[in-house]
Amino acid sequence: KIFQATVSCIGGDGTIYIIPKSFEMALSRLMTEIQNTFRGLGLLIPYCWKKGEACVVRGSDTMWYRGKVVEVCNSTLQVQYVDRGYIESIPQCHLYPTTFYNDIPPFCIPCQLYKTLPIGSSWQQDAVGCLQELLTNEEVEIHVEKLPDNPWDKLSISLYFGGISLSSFMAHQRYCVAEDCQDVQKLGLFAGDTCVLPSYMSPPLPVPGDPFPVIVTHLVSPKEVYICVDPRENFTKQIATEGAASSDSESLDEALKWCNKIVESLPLLTNFEKEMPCLAEYVDGLWYRAKLLSVIQLVPVQILVQFVDYGTYLVAPTNRLRHIPYCLLKYPVQAVRVLLAGFKPASDDKNMKRIPYSPEWSLNALWAMVDCVEGKRLSASILTLSPEVTISLYGDDKNLVHLKLIEMGLAELDE
């Protein structure tokens, strides 16, 4: 069985406690009932607590939770939050013995990684810390591999975050050995480790003539831009084909979020072939999908890369380029290079400041086009797919965006 779950806790022994997403509403109802039933402080009179005894515990957030005593000390008790998994030392005045809710099974499930052996036969402290930092309170995908003989024992699972196998990741970090070598080979490799140069998939495009909502993500010149389908609109589903639909429930944004979380563990790029997919660090400090274009400088090495989901370019040192996990290659690139139809540079544009790489256009024309498209709700209609993708681009007023440039004398109609 495959399902989505939230990791509520990583135990000190490496146990992974998960709450299935399908349990969340029932857990919320139970929590509401507990808050309405128990108010004020815990039990203030002397009481002889016993190991394994059920109770409710007042947490640091002043909420009441179901608990179980796991160890009796002098003035404090070791209590496990049965619906979260974690264990805390709690003063006796914050506990209340109860037999309420004992017929309701715990909402969190203790799990262990299937066919995964920790180095040293048990999870070491640094490995547990890595799991806690990576997974706590995060939503993940769970594949049930083996049910325990005893229903109170740990469930054997494969866990995936952003399409990456947790077993493969921890084995790559040398925290464990994954017995399923095929899984490690399949999901633990990074693009560029093999002899075959990997590549990104091209995005699905609408049928020519059909209007669709777009965002302009980058301008090369007033006539050459990069666009992507506006994610605020419900249009992506209409143009997705069966081949483009991913069986993985994680979105590209979710997968990138996870990759940013583990980016320090991803190896630096050492192969600098043209068109090589990679992860590159942008000026905002986040890492995005990119591809190599050329070596700009040898000492120190500077590489020109393009961010494939936006169209923008960056010259980056090698320490800002890392191998990209294969799971990020299954998503089509988001930005498409297109040419805008219907206009050309004005023959009488006297502005002396020109675009260096496209001198037929003035810088004033470029800034005017930026004003026409930046932050606007635009729509497009494809005219041709070959040899170049050519579109008509409309503003939020439904007029062609280049008409503004013509009015300003920065462009003219091109029949």
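1. The lining of the second largest pocket in this predicted model draws on several strands, since β3, β4 (64-72) and β8 (109-113) each supply at least two of its residues. The volume of this second largest pocket comes to about 770 Å³, and 30 residues line the pocket, with V82, P106, C108, P110 and W152 lying nearest its centre.

2. Which strands make up the open sheet, and in what order do they stand? There are 5 of them, arranged as β6-β5-β4-β3-β7, and their pairing is antiparallel. Because β6 (87-91) and β7 (95-97) stand at the edges and each has a single partner strand, one side of each is left without a neighbour in the sheet. From one strand to the next, the twist averages 45 degrees.

3. Strands of a sheet are paired through backbone hydrogen bonds, in either a parallel or an antiparallel way. Here, strand β3, which covers residues 54-58, pairs with β7 in the antiparallel sense over 3 bridges, and C55 stands opposite P97 in β7.

4. On the scale of the whole chain, the division is into domain 1 (1-49 + 102-183), domain 2 (210-233 + 336-413) and domain 3 (267-324). The C-alpha centres of domain 1 and domain 3 are 36 Å apart.

Note on methods. Residues numbered from 1 in each chain as written. Predicted model: local features only at pLDDT ≥ 70, side-chain atom pairs only at ≥ 80, totals over all residues. Heavy atoms only, no water. Pairing = 2+ DSSP bridges. Helix = DSSP H or I, 4+ residues; strand = E, 2+ residues; numbered from the N terminus. Axes fitted to C-alpha atoms, helices over the stretch in contact; angles between N-to-C directions. 1 Å grid on protein atoms, 1.4 Å probe; cavity = no way out; pocket = protein on both sides within 12 Å on 5 of 7 lines; lining within 4 Å. Points joined across faces, edges and corners; volume = space filled by probe spheres on them. Domains from an automatic or database assignment.
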